Amino acid sequence: MKDVVIEFDNVVKYYSLYHSFIGIKNFLFNLPKAIKTFKKNKFCALKNISFKLNRGETLAIIGQNGAGKSTILGLIAKVLKPTSGRVLVRGRVVGLLELSAGFHPDLTGYENIILNGILLGMTKKEILSKVNEIIEFSELKEFIYQPIRTYSSGMLARLGFSVAINVPADILLVDEVLAVGDINFQKKCYKKIEELKNKDTTIIFVSHDLEAVVKICSRCILLHQGEIIKDGNTYEVVEYYKKNFS
Amino acid sequence: MLINKRNYQYLVDLITELAKKELKVRYKNSFLGYLWSILSPLTSAVVFFVAFKIVIKLKIENYVLFLISGLFCWQWFTNSLLGSANLFLNNANLIKKVSFPRDALVYSMVINDMIHFILSFPVIFLFMGLYRQNFSYYLFLLPIAIILQFFFVSGMSLIISSINLFFRDLERLVVVFTNLLFYATPIIYSEEMVPLKYKIILSLNPMANFVILYRDLLLSNRVQINILMLCFIYSIGFFYLGYNIYKNLQWKFAEII
Ligand SMILES: Nc1ncnc2c1ncn2[C@@H]1O[C@H](COP(=O)(O)OP(=O)(O)OP(=O)(O)O)[C@@H](O)[C@H]1O
Ligand SMILES: [Mg+2]
């Protein structure tokens, strides 16, 4: 029997749209109205999502903009909480969600590696033992001691990817991030992902680059307006998506 | 939360690195930054000295020393409170994408302001020397006052930073509130000058108790047990309250930010 590392059980996610009455002043002076708009203004981003993922599987999630892909990743990363249903995650999750999220422009590349590594869940000692590997992977060489506001967007992506991919993880979430690097670096990233696959890392890959999806993933979920339309072999799901949604 | 050694080490590392980052980013030139954090309370001290000692002829001895012994810890309080209003908003990207313990951002900011407060003690000691104030053993109790204030300020900051995500105009209220509170705190006047029937206001104002505690240790060579108790209660109480508000709202941060 294979071990299940991620399980979604009838997961529903509503977003409340607070912005209509943000501000204490508004809230106090329009209390009844504020509560009413608050109750009404809900948006259902995921409707009854259920799926299981085994250790070592590579899953792609595809679908149009706003389908709910990032919401699913947010739930797995424990950044979001489901409105109802159950999300079960076993193991350490590392998200390549937005690579430069933890970066500060005035710190050097090196300082950002340390800070970002810690934000992603490593202790200082752990990140220090990895830092050379990370610098080497990034190929940023002497630029690593420059403040990252001087970096190009591709260089930033390299730095972010190099940190995240070197954080030990059981589950890796990749959301739309590989497209920024140059061809050489992209190749290197795909190679690294292959390596992780062989090490039994579970990977969830969200991308609009269907070629990459087919190349990396064995299983694919097609999401449409918060519902799973298809779940199966990547090639078939991608073909279905191409036929019906373009 | 699991309290094991690695988790503990992780939290320490996270808070230290965030605090270091703050320090580097906020004061690109750390010496000038330090000077600035000293200069701004000293400027207020000069203004109050002119207004109340020279013009109004207030009868308090060593008035400059009296002022700064309250102004520096007040500055820590207001800096942290004002900083906390937009703290999570300024880290929106991070909060949306990564699930690290968000309260670490608050502690690292408060620690930063605390370090600046601690670094202001040489200035206070200098003025104590100038005014021939004696240095007593009570100074060794200062760390206790600082730790208590740390938990009090952290609690307040947790409350403000969490609630400000839901009500974005809280920052303005904080400005108004701290301005009012300043005059309800015995910084430019002494607690003895407050009429008996208004003394209750001082007891109800946490910062008043902290200012009195610092002043007792620095200038009066004494500790009033009831003041110390109140500081202790406010420190534990507000931290408990703040932490629980944060814990209860925290899971919504990523979607409303
Ligand atoms: N914080 C939020 N508050 C309110 N609504 C939100 C929030 N985040 C997402 N949504 C809504 O939920 C839906 C799903 O969003 P999500 O980001 O998961 O889409 P996605 O599939 O990742 O799209 P894309 O391909 O553009 O990245 C969208 O319609 C979006 O408007
Ligand atoms: Mg998305």
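Author: Happy to! We begin with one term: buried area is the accessible area, taken with a 1.4 Å probe, that two parts lose on being put together, summed over both. Keep in mind as well that this is a predicted model. The predictor gives the complex an ipTM of 0.87 and a pTM of 0.91. For chain B the average pLDDT is 92, and 98% of its residues score at least 70.

Now to the interface itself. Between chain B and chain A, about 3,000 Å² is buried, and carbon and sulfur atoms give 65% of that area. On the chain B side, the residues that lose the most area to chain A are B:Lys97, B:Phe167 and B:Glu255, together 19% of what that side buries. Counted by contacts, 33 residues of chain B meet 37 residues of chain A.

Polar groups take part too. The rule finds 9 residue pairs in polar contact across this interface, counting pairs with both residues at pLDDT 80 or more. Which helices of chain B supply at least two residues each to the side that touches chain A? They are α1 (5–26), α5 (92–97), α8 (142–166), α9 (170–183) and α13 (253–256). The largest share comes from α1(B), with 11 residues. Sorted by class, the side of chain B that touches chain A holds 16 nonpolar, 3 polar and 14 charged residues.

Side chains of opposite charge can pair when their charged atoms come close. Across the interface of chain B and chain A there are 4 salt bridges by the rule, while a search of the whole structure, over all chains, gives 19. One of those pairs is B:Arg6 with A:Glu126, whose closest N and O atoms are 2.8 Å apart. This pair crosses between chains, running from helix α1 of chain B to helix α5 of chain A. B:Arg6 has a relative accessibility of 32%, so it counts as partly exposed. A:Glu126, at 29%, is also partly exposed. Another salt bridge joins A:Lys124 to B:Glu17, with 2.9 Å between the closest N and O atoms.

Let's follow helix α5 of chain A, residues 124–138, away from those pairs. A:Ile134 is found in this helix. Is A:Ile134 buried or exposed? Its relative accessibility is 0%, so A:Ile134 counts as buried. Leaving aside residues up to four places away in sequence, A:Ile134 touches A:Ile113, A:Ile127, A:Ser162, A:Val163 and A:Asn166. A:Val163 lies 29 residues from A:Ile134 along the chain, yet their C-alpha atoms are separated by 5.9 Å.

Chain A has salt bridges of its own as well. A:Glu139, A:Arg158, A:Asp182 and A:Lys188 are linked in a network of them. Elsewhere, the side chains of A:Asp231 and A:Arg219 meet at 2.9 Å, N to O. That pair links distant parts of the chain, 12 residues apart: A:Asp231 sits in strand β9 (residues 227–233) and A:Arg219 in strand β8 (residues 219–224). A:Asp231 is partly exposed, with a relative accessible area of 38%, whereas A:Arg219 is buried at 14%. Compare the salt bridge of A:Glu239 and A:Lys242, at 3.7 Å from N to O. These two residues both lie in helix α9 of chain A (residues 234–244), 3 residues apart, about one turn of the helix. A:Glu239 is partly exposed at 34% relative accessibility, and A:Lys242 is partly exposed at 42%.

One more stop in chain A is helix α3, residues 69–76. Why is helix α3 described as largely enclosed by the rest of the structure? Because 7 of its 8 residues are buried. Among them are A:Ile72, A:Leu73 and A:Leu75. Just after α3(A) comes A:Lys78, with a positive phi of about 65 degrees. Most residues other than glycine have a negative phi. A:Lys78 lies in the loop between α3 and β4 (84–89) of chain A, and it counts as exposed, at 52% relative accessibility. A:Asp200 is another non-glycine residue with a positive phi, near 70 degrees. A:Asp200 is placed in the loop between α7 (183–198) and β7 (202–206) of chain A, and at 43% relative accessibility A:Asp200 counts as partly exposed.

Key: Residues are numbered from 1 along each chain as its sequence is written. Chains are lettered from A and ligands numbered from 1 in the order in which they are written. Side-chain values use heavy atoms; hydrogens and water are left out. Contact means heavy atoms within 4.5 Å. A polar contact is a pair of N or O atoms within 3.5 Å; within protein, one must be able to donate a hydrogen and the other to accept it, and residues adjacent in sequence count only if both atoms are side-chain atoms. Helices (H or I, at least four residues) and strands (E, at least two) are DSSP runs, numbered from the N terminus. Ala, Val, Leu, Ile, Met, Phe, Trp, Tyr, Cys and Pro count as nonpolar, Asp, Glu, Lys and Arg as charged, and the others, Gly among them, as polar. pLDDT is the predictor's confidence in each residue, from 0 to 100. Buried means under 20% relative accessible area, exposed over 50%, partly exposed in between (1.4 Å probe, protein chains only).
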